[in-house]
Amino acid sequence: MTDPVFKSDFLKTMQARGYIHQITHPVELDAAATTGVVTGYIGFDVTAPSLHVGHLIQIMLLRRLQQAGHKPIVIMGGGTTKVGDPTGKDASRPHLTDETIAANMASIKGTFEKFLTFGDGPTDAIMVDNDAWLSSYGYIQFLRDYGTHFTVNRMLAFDSVKLRLEREQPMTFLEFNYMLMQSVDFLELNRRYGCTLQMGGSDQWGNIVSGVDLVRRVDHKAAFGLTTPLLTTASGAKMGKTVGGAVWLNADALSPFDYWQYWRNTEDSDVGRFMRLFTELPLEDVARYEALEGAAINDAKKALADATTTMLHGADAAAHARGAAEAAFEQGKLSIDLPTVDLPRNEVIGAMIAAVTTKAGLTTSNGEARRLAQGGGLRLNDAVIADGAQLVTEADVNADGVFKLAAGKKKIVLVRPI
């Protein structure tokens with residue numbers, strides 16, 4: 001099947017860079033994007049104080065939409081977070097208090113300002129909390145107004161419900177209502193802001209189609225849905241998840257150095273795809289980087305890390321991160337720009353290096369650290385440590401009050417006993 005030929009700058013860019021998985025009404029959406037300003041939205045539930053790399057492709061969708069001359073809406077899920085999206089989950093999300101939801105929302109907002117221009121102009125982004133309308137509905141009113149537009153038969157057929165039930169994992173009635181709430185979001189946004197496009201990941205297809213159908217059925221207005229492909233690494237790992245945990249977007253949750261390192265450690269076969277999705281490097285440059293082979297592919301990985309880190313944390317942070325990484329990993333030097341972990345002196349000096357490695361966050365257990373040492377992957381001040389039971393001493397601390405600890409080829413920190 002050949003790809004459709006789009007006329008609008010928005011969909012042409014989306015297609016060329018690999019963002020498109022499904023579109024509900026491609027011809028109509030292309031025409032709307034060619035002849036006027038399309039207002040589109042993506043919703044983000046605020047279940048943590050920071051978004052992570054798994055959310056980044058959705059943020060980039062909004063950025064591409066705005067760059068093509070259209071208007072993005074960021075929905076902060078103050079209302080839907082109280083329910084929890086069951087998509088891809090085997091268990092209900094823990095219930096968060098209103099105070100926690102508000103704190104998470106405040107912590108997340110700054111990330112979007114790095115990628116979008118907010119304001120009152122026709123293509124300026126706006127941020128809206130869906131609790132503004134969802135919490136105003138009475139239960140009977142909500143059911144009477146919208147319940148009649150959804151059949152249980154159809155809802156059971158959507159993957160977000162079907163897969164959960166096939167795995168024999170319970171789904172609460174609360175979670176079952178999430179699809180209705182997301183659909184009503186689209187209707188409310190259409191009425192309030194003229195929003196005609198909902199975007200999201202491919203796992204949201206069922207919810208997005210339901211919203212499109214609701215807008216078209218209730219108000220008889222144009223509405224479109226667009227999803228991105230399921231994003232995994234070449235080895236099949238879920239985007240944004242690592243052995244050490246989530247790759248957070250907030251600098252206070254993950255340092256710019258560690259963020260740069262995440263992209264620097266991209267698998268060879270993912271470099272070109274990630275450049276197209278997560279950077280603004282011209283496609284001809286991406287093709288040139290993609291053609292590199294052998295050790296030269298590392299230049300492409302550094303270019304990817306530079307571009308992604310610059311977009312999120314700024315050019316200075318990216319340059320510092322690159323310099324620190326090259327000094328530490330390629331030149332064996334100590335750099336003040338390396339991530340620094342402060343640990344109580346009495347838990348470091350005289351302690352087994354395996355325990356210190358775990359306390360510093362480089363390994364998940366002392367046993368993992370000992371096995372790493374046995375394999376030659378643990379280093380203290382660049383010296384290989386063969387025995388995880390070796391003790392850290394005052395002599396290991398340099399004049400700046402720190403020592404360098406490395407686990408494998410990709411994890412390195414400065415430890416400061418305090």
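Me: Where is Asp 120 found, and is this residue buried or exposed?
Reply: Happy to start there, keeping in mind that this is a predicted model. Asp 120 is in the loop that runs between helix H4 (98-113) and strand S4 (126-129).

Me: How far apart in space are Asp 120 and Asp 258?
Reply: In sequence, 138 residues separate Asp 120 from Asp 258. In space, taken from C-alpha to C-alpha, the separation is 35 Å.

Me: Which elements do the buried residues of helix H2 pack against?
Reply: Within H2 (residues 26-35), Leu 29, Asp 30 and Ala 33 are buried. They cover an arc of only 100° around the axis, so they sit on the same side of H2. The face turned away from this buried side carries the exposed residues Val 27 and Thr 35. The packing partners of the buried residues are helix H1 (9-16), strand S1 (22-23), strand S5 (197-201) and strand S6 (224-228).

Me: How many residues of H10 are buried?
Reply: Helix H10 (residues 178-193) reaches 22 Å from its first C-alpha to its last, close to the 22 Å expected at 1.5 Å a residue. Gly 194 follows H10 and has a positive phi, near 70°. H10 itself is mostly covered, and of its 16 residues the buried ones number 13.

Me: What is the phi of His 220, and what is the phi of Asp 382?
Reply: His 220 lies in the loop between helix H11 (205-218) and S6, and Asp 382 in the loop between strand S10 (378-380) and strand S11 (383-384). His 220 is exposed, with a relative accessible area of 68%, whereas Asp 382 is partly exposed at 36%. Phi is positive in both: near 55° for His 220 and near 70° for Asp 382.

Me: Which residue forms a salt bridge with Glu 28?
Reply: The closest N and O atoms of this pair are 3.2 Å apart. Glu 28 lies in helix H2 and its partner in helix H11, so the bridge ties together parts that are 188 residues apart in sequence. Glu 28 is partly exposed, with a relative accessible area of 39%. The partner is Arg 216.

Me: Which residue forms a salt bridge with Asp 213?
Reply: Asp 213 lies in helix H11 and its partner in helix H7 (residues 152-157), so the pair joins parts that are 59 residues apart in sequence. The closest N and O atoms are 3.0 Å apart, and the partner is Arg 154.

Me: Which residues are linked with Arg 322 and Glu 326 in a network of salt bridges?
Reply: Arg 322 and Glu 326 both lie in helix H16 (residues 315-330), four residues apart, about one turn of the helix. Their side chains meet in a salt bridge of 3.0 Å, N to O. Arg 322 is partly exposed at 26% relative accessibility, while Glu 326 is buried at 18%. Also linked in the network are Lys 302 and Asp 306.

Key
Residues are numbered from 1 along each chain as its sequence is written. This is a predicted model: local features need pLDDT of at least 70, side-chain atom pairs count only at pLDDT 80 or more; totals for chains, interfaces and linings use all residues. Side-chain values use heavy atoms; hydrogens and water are left out. Helices (H or I, at least four residues) and strands (E, at least two) are DSSP runs, numbered from the N terminus. Buried means under 20% relative accessible area, exposed over 50%, partly exposed in between (1.4 Å probe, protein chains only). The arc is that of the directions from the helix axis to the C-beta atoms. Contact means heavy atoms within 4.5 Å. The expected span of a helix is 1.5 Å times one less than its number of residues. A salt bridge is a side-chain nitrogen of Lys or Arg within 4 Å of a carboxyl oxygen of Asp or Glu.
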